[in-house]
Amino acid sequence: VVYTQSEILQREVYLFERLDSPNREPMKHLKAICFLRPTKENVELLVQELRRPKYSVYFIYFSNVISKSDVKALAEADEQEVVAEVQEFYGDYIAVNPHVFSLNLLGCCRGRSWDPAQLTRTTQGLTALLLSLKKCPMIRYQLSSELAKRLAECVKQVITKEYELFDFRRTEVPPLLLILDRSDDAITPLLNQWTYQAMVHELLGINNNRIDLSRVPGISKDLREVVLSAENDEFYANNMYLNFAEIGTNIKNLMEDFQRRKPKEQQKLESIADMKAFVENYPQFKKMSGTVSKHVTVVGELSRLVAERNLLEVSEVEQELACQSDHSSALQSVRRLLQSPRVSELDAARLVMLYALRYERHGSSGLPALLEELRSRGGSDRYRKLVAAVVEYGGKRVRGSDLFSPKDAVAITKQFLKGLKGIENVYTQHQPLLQETLDQLIKGKLKDSQYPYLGPNTLRDRPQDIIVFLIGGATYEEALTVFNLNRSNPGVRIVLGGTTIHNTRR
């Protein structure tokens, strides 16, 4: 995620090995750079390595704080004195976008409490992030979530214990860490997406910037897995937050530009100068050709899935469920789609989940009938159980905030105007709850009674540096929200993190 292999090669690193791979050849003429998480297993493997070193010198970098006792164990194992240096280089998390990070953890809880190993891992990831950004923050958390409070306390403990590491130059307004719980908004991860990055993750799945295209009909061998990274793909960087319709146009322009630059096949390479020009332009051309074929394939596959799964119609009903409050119309729409053979099993279940979250307490709830309908589609019982599980996870009983109803006249008018803004936005009218939470936070209006500070101190000024962390996973729709908030609020910097980055399947 950080480096491409060719970038590392340019730094004269020619061999890539894992510490745990068996039967590595001894190569005493090589120096080794080790980059490791300071886990018990890694320290143990390193101890064995140093007892019988395979390389001449070792430069060891840990991605987080390492205990004195572990350093001592390494020192005792290093009888041949091959270790040149040991450093802590905080990077114990995955940087997904310039303002988004993930810990790649799935299932961090057991019921409503932390899985202890995952709590430790999450605390480590968050403290490494703070150290790498050089922030010693004040902490606020979502009061309705026991998980959020627990994590806030664990992070605070590490900051207190490692106070020397966190002794950064004070800024006028201290940074703020806000810890939230996914269960407050279970709607967002269940919606189909229409901006490029979010859509790719929803329909194809992004895993550490890699996309698996092996299931695409007639895919060529070199496109079975592609990398989408804004760091070294200009087209992706410029289009990741744009709507699908705009991307279609931009792909067409990219193709045309490529056609214009194509070296003429019949071009005669007569002089040395011709050949030189050809060779000089060829790498650029090859790179562009790779970019074109990759994005054309990805966008082509997205279009195929949208048509095959009837997603325009499905998405319109999802948005209606998430953003409007006309129960009878919503119920009819969901019913109609459940009866359509073109709607997939997953999409049918997703619609029932959204309906259940939206109208679980409605007087004339049609949920039993919809569940029956799901079953009669010949689907497994698994999806019916999932509907119940989603409501138990993110239903009204557990939410600390009001997910659906706008609080005041201004909000209601805003929602009404948004509805009028034209049909082209019908697929993107939903705003994650995070939008409102951060908006309130930036304006200094986020209620202490719902999001208390940990400890006696509070922030007198509006926050400027905000790190928001979602226990139970963030989404690319929220990444887009944060991107837009950063753009529209100069002087405010928001970083978003989550235990994972969700799509509906996850």
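The structure holds 26 salt bridges. The model is a predicted one.

## Salt bridges

| Pair | Closest N to O distance |
|---|---|
| Glu 202 and Arg 350 | 3.3 Å |
| Arg 384 and Asp 381 | 3.1 Å |

Asp 92 counts as buried because its relative accessibility is 3%. Arg 37, at 27%, counts as partly exposed.

The salt bridge between Glu 202 and Arg 350 has its closest N and O atoms 3.3 Å apart. This pair also links distant parts of the chain: Glu 202 is in helix α6, Arg 350 in helix α12 (residues 345–359), and 148 residues separate them. Are these two residues buried or exposed? Glu 202 is buried at 5% relative accessibility. Arg 350 is buried too, with a relative accessible area of 1%.

Arg 384 and Asp 381 form a local pair. Both lie in helix α14 (residues 381–394), three residues apart, which is about one turn of the helix. An α-helix has 3.6 residues a turn, so residues three or four places apart point the same way. Arg 384 is partly exposed at 25% relative accessibility. Asp 381 is partly exposed at 38%.

Which residues join Glu 202 and Arg 350 in a network of salt bridges? Arg 309, Glu 318 and Asp 347 do. Glu 318 is one of the buried residues of helix α10.

Helix α10 covers residues 311–323, 13 residues in total. From first C-alpha to last, α10 reaches 18 Å, close to the 18 Å expected at 1.5 Å a residue. Ten of its 13 residues are buried, so α10 is largely enclosed by the rest of the structure.

Asn 310 is in the loop between α9 (272–308) and α10. Asn 310 has a positive phi of about 55°, although it is not a glycine. Asn 310 counts as buried because its relative accessibility is 10% and the cut-off is under 20%.

## Around Arg 182

Arg 182 lies in the loop between β9 and α6 (196–203). Arg 182 is buried, with a relative accessible area of 3%. What does its side chain meet in a polar contact? The partner is the side chain of Glu 478, at 2.8 Å. Beyond residues up to four places away in sequence, Arg 182 also touches others, including Tyr 393, Leu 470, Gly 473, Thr 475 and His 502.

Thr 475 belongs to strand β14 (residues 474–475). Thr 475 is buried, at 4% relative accessible area. Its contacts outside four places in sequence include Arg 182, Leu 496, Ile 501 and His 502. Thr 188 and Pro 189 touch Arg 182, and both are in contact with Thr 475 as well.

## Thr 171

Thr 171 is in the loop between α5 (146–161) and β9 (176–181). Thr 171 is partly exposed at 47% relative accessibility. A polar atom of its side chain lies 2.9 Å from the backbone oxygen of Val 173. Cys 136 is 35 residues away along the chain, yet the C-alpha atoms of Thr 171 and Cys 136 are separated by 9.9 Å.

Leu 9 lies in helix α1 (residues 5–10). Leu 9 is partly exposed at 37% relative accessibility. With Tyr 14, Leu 15 and Phe 16, Leu 9 makes a nonpolar surface patch of about 390 Å².

Glu 12 is in the loop between α1 and β1. Its phi is near 65°, a positive value in a residue other than glycine. Is Glu 12 buried or exposed? Glu 12 is exposed, because its relative accessible area is 61%.

Methods:
Residues numbered from 1 in each chain as written. Predicted model: local features only at pLDDT ≥ 70, side-chain atom pairs only at ≥ 80, totals over all residues. Heavy atoms only, no water. Helix = DSSP H or I, 4+ residues; strand = E, 2+ residues; numbered from the N terminus. Buried < 20%, exposed > 50% of the residue type's maximum accessible area, 1.4 Å probe, protein only. Polar contact = N/O pair within 3.5 Å; in protein donor to acceptor, adjacent residues only side chain to side chain. Contact = heavy atoms within 4.5 Å. Patch = residues over 30% accessible without salt bridge, like charges linked within 9 Å, V, L, I, M, F, W, Y side chains within 5 Å. Areas by Shrake-Rupley, 256 points an atom, 1.4 Å probe, with all protein chains shown as cover. Salt bridge = Lys/Arg side-chain N within 4 Å of Asp/Glu carboxyl O. Expected span 1.5 Å × (residues − 1).
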